[in-house]
Amino acid sequence: MSSIQLLLANDKKPGIKNYTAYRANGGYQSVEKALGNMSPDEVTEEVKKSGLRGRGGAGFPTGMKWSFLAKPEGVARYLVVNADESEPGTFKDRYLMEFIPHLLIEGMVVASYALGANVSYIYIRGEYAWIVDILEEAIVEAKQNGFLGKNILGKGYDLEIYVQRGAGAYICGEETALLESLEGRRGNPRIKPPFPAVKGLWGCPTVVNNVETIAAVVPIINMTGDEYAKIGVGRSTGTKLISACGNINKPGVYEIDMTCSVEEFIFSEDYCGGIPNGKRLKACIPGGSSVPILPANLLLKTAKGETRYMNYESLSDGGFETGSMMGSGGFIVLDEDQCVVRHTMTLARFYHHESCGQCSPCREGTGWMHKILKSIENGTGKMSDIELLWDIQRKIEGNTICPLGDAAAWPVAAAIRHFRDEFEWHVTHPAEAMVGNYAF
Ligand SMILES: Cc1cc2nc3c(=O)[nH]c(=O)nc-3n(C[C@H](O)[C@H](O)[C@H](O)COP(=O)(O)O)c2cc1C
Ligand code: SF4
């Protein structure tokens, strides 16, 4: 296991969910440091130096995002924490909020101070109902101890944090749909520009950041941005939480320093512990359901024959032809018994169900792809359906208001690119395909 644990260093300590134990283990020192000795711009500068990239999926540099925030006089600014976490295979934010809620609250106080926000929100996935109570208790405790509310630590800075539950829509994780929902409307993504940094919540400048991103601000301020940047490799600085699931012996949430290889992550006892019953590794979706699936040969080594590592650059090496993405860190492993066509069909059903319906390519295309995939999976498809699928996904990608369209197209494209033989097998073996008697 990585010896560097910045976020999960204390997650197993007794009582860490509550303020007393959290504080006794060094909690809220970053608030004391930031509000005591640093200006808001200096906090942003540290985050810039750290090289921290957004952990919600796109990997955009956090410090740069903060520095884009418009700061007109007399206009409120907001920090909104994206805790929607509905991407299949992703459950790292849930772990952080459920077991170390004060880490998020602490990070929010520091981040809100840097951004000049006096009101901040946590927009949380509706299904995480019990975590709302955990967060609200942490907010009360932070207030009682002077780390939240009016005149924090006597430094003249005020902050209120509110938790808002979503209603169970994946699209509300897209930042502008989230803001619509937070304002009380249906969660339809907005056309950009304007970006939230200029016109976000209630029309005011807003930063939307993922839970893990904000939690990472705590160690950055404690250890300095320069020290944080020394961890990891290249532009993949610091640590990353990976939620691992599928055909592995030890599903769970792991904190890695992004220097470990994919092979080590899957097979080492420190992480996934290998594949049950000695089965072979077939494929993996390394960054949440939206990113391209990779067959075992391209997962463990890049197309150039180099070792593939668990970081932004290495996972995307080769582009979408032979690589994938770090995404949200939802790592889904498939063993030799899994059917990629069935798997792709299940994902297509999800994206069709979750499309908000504003743009035709996404609204119509996701349903169409699901229908065709279902037909192929059921043994009633034609060879020409494979080309049709390819054509549909290409026409969705890049032609929609928000990236949900891309997220629906990429898994289909990658499945055909790397597992075309399985699609063809379903067409040529309809009777076996119908009963799921796979022989590939
Ligand atoms: C359909 C869709 C769903 C998304 N869901 C989430 C989510 O659940 N959590 C999240 O942090 N980001 C999600 N994002 C990305 C957000 O739009 C946004 O980029 C992110 O919250 C920014 O935070 P970061 O810079 O800290 O990564 C989603 C994007 C799309 C297109
Ligand atoms: S891409 Fe899909 S989810 Fe996004 S705005 Fe268009 S229809 Fe809605």
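This report covers the domains, sheets, helices and ligand shells of a predicted model.

## Basis

The model is predicted: local features need pLDDT of at least 70, side-chain atom pairs count only at pLDDT 80 or more, and totals for chains, interfaces and linings use all residues. Residues are numbered from 1 along each chain as its sequence is written, while chains are lettered from A and ligands numbered from 1 in the order in which they are written.

## Domains

The protein chain splits into domain 1 (19-230), domain 2 (236-335) and domain 3 (340-434). These bounds come from an automatic or database domain assignment.

The C-alpha centres of domain 2 and domain 3 are 23 Å apart. Nine residues of domain 2 are in contact with nine of domain 3 (C-beta atoms, placed from the backbone, within 7 Å). On the domain 2 side, seven of the touching residues are nonpolar, two are polar and none is charged. Here Ala, Val, Leu, Ile, Met, Phe, Trp, Tyr, Cys and Pro count as nonpolar, Asp, Glu, Lys and Arg as charged, and the others, Gly among them, as polar.

## The four-stranded sheet

Helices (H or I, at least four residues) and strands (E, at least two) are DSSP runs, numbered from the N terminus. Two strands pair if DSSP finds at least two bridges between them. One open sheet has four strands in the order E3-E2-E1-E4, with parallel pairing. Its edge strands are E3 (160-165) and E4, each pairing on one side only. Neighbouring strands are turned by 20° against each other on average, direction ignored.

E1 (78-83) and E2 (119-124) run parallel and are joined by six bridges. Val81 has Ile122 in E2 as its bridge partner. Helix H8 (175-182) lies across E1, E2, E3 and E4, at about 110° to E1. Axes are lines fitted to C-alpha atoms, for helices over the stretch in contact, and angles run from 0 to 180 degrees between N-to-C directions.

## Helix H9

H9 (211-223) is mostly covered, with 11 of its 13 residues buried. Buried means 20 or more other C-beta atoms within 10 Å of a residue's own, exposed means 12 or fewer, and partly exposed is in between; C-beta atoms are placed from the backbone. Among the buried residues are Glu212, Thr213 and Pro219. Thr224 follows H9 and has a positive phi, near 85°.

## The five-stranded sheet

A second open sheet has the order E8-E7-E11-E9-E10, with mixed pairing. E8 (252-256) and E10 (294-295) are its edge strands. E9 (281-285) and E11 (330-335) pair in the antiparallel sense over four bridges. Cys284 has Val333 in E11 as its bridge partner.

## Ligand 1

The shell of ligand 1 holds 25 residues, the closest being Gly54, Gly56, Gly173, Asn210 and Thr213. A residue is near a molecule or strand if its C-beta atom, placed from the backbone, lies within 6 Å of it. Strand E4 (206-210) and helix H18 (404-428) are the elements that give two or more residues. E4 has the largest share, three residues.

Domain 1 and domain 3 each supply at least three residues of this shell. By class, the shell has nine nonpolar, nine polar and seven charged residues.

## Ligand 2

Around ligand 2 there are 14 residues, with Cys356, Cys359, Cys362, Thr400 and Cys402 nearest. The elements that give two or more residues are helix H16 (360-377) and H18. This shell divides into eight nonpolar, five polar and one charged.

Notes:
Two residues are in contact if their C-beta atoms, placed from the backbone, lie within 7 Å.
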